[in-house]
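The following paragraphs are intended to be read with the sequence and the three-dimensional view side by side. They begin with a sheet, turn to a helix, and end with single residues.

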Amino acid sequence: MDGETPETVPELAEIKVYRNHFVYVLKTVVFALFFICIWVISMAANEDVGIVRLELIYPVAVLVAAILYIAIRIWLKTTYTFGPTELTVKRDTIFKKDTKIQYSRMASVNVRRNIIDHLFGTTTLMFNINSSVNSQQAEASLILKADEANALREEISKLIFSKAMSIDEDVHQETMVSISNFDVILHGFFGQPTVQSVLGLVFLGYSIFTALTDSGGLFAALIMFGLTSVLPWISTILRYYNYRVYRVGDTITVESGLLSNFRSSFNIKKVNSVRIREPLLARLMGKSVLEAEVVGLADGQGMPLLCPLKGRKTVDTLAQKLVPEFLFDTNHLTQPRQSVIPTILYKIVLALISLAIGAAFYIYVSTNFPPESTVERFFFQIAYVTLLVIIPATSLAHGVLAQRNREFEMGDETFMLVTGAFDRQREFIRYDKVQKSIVAAGPIQRLFGVGTITVSMMTSMGARNVSSGIFIKDELEKVPAEVLGRILDGRYDYRKYQ
């Protein structure tokens with residue numbers, strides 16, 4: 001527009017060229033050796049003598065040598081050039097790669113230090129752009145000596161956040177919420193979704209049963225229990241140990257880690273939504289979790305955690321101080337009475353289907369395949385109880401809790417969706433970050449003038465949809481109208497989020 005000040009492009013004072021520290025090669029080889037060892041151990045477990053066959057040694061040695069050669073070649077042929085306005089990553093190997101990242105499009109420069117970094121005094125810098133295409137990993141990663149990495153991060157962060165950044169100042173910033181390591185341990189156990197916890201308990205129960213009855217499947221059940229419960233518990237505890245969070249101006253920084261240290265900084269304008277999550281067990285304890293959806297903050301960990309499992313009042317107070325731009329006073333408007341029948345009817349139908357299948361299964365098995373052993377009787381009884389009691393009761397309880405828990409309200413800059421039945425989550429979403437919104441109503445919902453809204457937005461893990469509960473259709477249609485209205489009247493300005 002006429003009279004507007006041209007957008008300034010951040011520039012680096014001088015061109016700098018780097019290559020990864022040789023620790024890159026060591027990390028690659030160690031990571032590969034870890035999986036090779038697992039493979040060798042699994043091979044040994046299948047041998048009667050319990051040892052690895054001699055002929056496996058030679059292919060394993062060749063494989064390790066090939067991995068070492070490839071890692072060294074990539075290390076030698078990859079350079080990072082920090083020019084005046086952009087970072088250029090050039091890889092001159094068989095599979096050539098030339099990546100250019102403008103500083104103005106970067107969302108953050110994150111820090112990661114694992115055990116190898118600590119041993120060799122190095123730091124891994126992770127450069128993230130404001131896009132969902134790097135949903136599982138950073139756009140570029142660079143390993144340098146710790147002091148060199150800190151100096152480079154300060155320079156690049158100054159260009160991203162348009163202000164001076166100092167690592168020493170970060171270290172001395174006081175955390176905005178007191179998180180003990182015991183809180184982190186509780187978060188590891190009770191901060192997981194209820195479905196994941198129940199699935200883990202099922203595999204644990206099955207492994208105990210197989211151990212007591214000396215039946216097959218014990219090893220497989222223990223592996224599944226480890227993958228669904230134990231591994232997420234341990235990784236979460238290690239990830240968020242020594243947790244700190246603080247905000248300086250518009251920049252939020254999160255630090256944590258026991259064996260590996262993580263430091264992530266992002267501008268509040270890069271946040272798409274803020275979510276207060278309450279898994280069932282945590283809600284019974286009066287606790288919740290605070291998370292933020294930040295595009296471009298990809299490190300394979302999903303949504304950035306702003307507060308591990310803590311008391312509900314503590315989390316609400318922290319949200320008011322840390323992300324006040326997203327919150328507004330709500331009236332706790334739950335689903336209207338017009339939505340009772342559409343909500344409960346589907347649950348009743350599911351319960352009836354489960355009862356019918358359970359009854360048919362019981363009659364068929366009792367008539368044609370009466371169980372003979374104790375193990376068979378146990379499994380059939382579990383199936384009967386699941387089909388005739390657990391699924392119908394859970395379905396009806398889900399409908400009742402959904403009617404009570406789900407909320408929808410609109411504020412000036414954000415709108416709120418409370419979703420879930422057993423697990424409850426309250427999410428505040430910026431209108432300006434909505435990519436697409438669809439208001440829909442099924443045949444039963446149309447009879448009562450209600451419907452649901454599905455909101456699509458770009459997230460740190462790619463595209464993500466959030467669906468509301470069942471509300472008055474005319475009220476839900478105000479959301480897409482507001483999104484479009486902000487574009488038409490100029491309240492939406494893309495430059496605010498760059």
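**A guided reading of the model**

Six strands make up an open sheet, and their order across it is S7-S6-S5-S10-S9-S8, with antiparallel pairing. The edges are strand S7 (140-145) and strand S8 (244-248), each of which pairs on one side only. On average, neighbouring strands of this sheet are turned by 20 degrees against each other, direction ignored; the axes behind this angle are lines fitted to C-alpha atoms, for helices over the stretch in contact, and angles run from 0 to 180 degrees between N-to-C directions. Strands and helices are DSSP runs numbered from the N terminus, a strand (E) having at least two residues and a helix (H or I) at least four. Two strands are said to pair if DSSP finds at least two bridges between them.

This is a predicted model, in which local features need pLDDT of at least 70 and side-chain atom pairs count only at pLDDT 80 or more, while totals for chains, interfaces and linings use all residues. Residues are numbered from 1 along each chain as its sequence is written, and side-chain values use heavy atoms, with hydrogens and water left out.

The pairings can now be followed one by one. Strand S6 (residues 122-129) is joined to S7 by six bridges, and the two run antiparallel; Phe127 has Ala140 in S7 as its bridge partner. Strand S5 (residues 106-113) is joined to S10 by three bridges, again antiparallel, and strand S9 (residues 251-256) is joined to S10 by six, also antiparallel. Phe262 of S10 is the bridge partner of Arg112 and also of Ser256. S9 and S10 form a hairpin with four residues between them, and Gly257 in the turn has a positive phi of about 125 degrees. Strand S10 (residues 261-267) is mostly covered, six of its seven residues being buried. Here buried means under 20% relative accessible area, exposed over 50%, and partly exposed in between (1.4 Å probe, protein chains only).

How far apart are the end C-alpha atoms of helix H2 (residues 57-77)? They are 30 Å apart, which agrees with the 30 Å that its 21 residues should span at 1.5 Å a residue; the expected span is 1.5 Å times one less than the number of residues. Val60, Ala71, Ile74 and Trp75 are the buried residues of H2. Seen down the axis of H2, these fall within an arc of 100 degrees, so they line one face of the helix; the arc is that of the directions from the helix axis to the C-beta atoms. The face turned away from the buried side of H2 carries the exposed residues Tyr58, Val62 and Tyr69.

Arg424 lies in strand S16 (residues 424-430) and is buried, with a relative accessible area of 16%. Its side chain makes a polar contact of 3.1 Å with the side chain of Glu407. A polar contact is a pair of N or O atoms within 3.5 Å; within protein, one must be able to donate a hydrogen and the other to accept it, and residues adjacent in sequence count only if both atoms are side-chain atoms.

Two loop residues remain. Most residues other than glycine have a negative phi. Asn242, in the loop between helix H8 (218-240) and S8, has a positive phi near 55 degrees and is partly exposed at 43% relative accessibility. His332, in the loop between helix H10 (312-322) and helix H11 (340-368), likewise has a positive phi near 55 degrees, and its relative accessibility of 51% counts as exposed.
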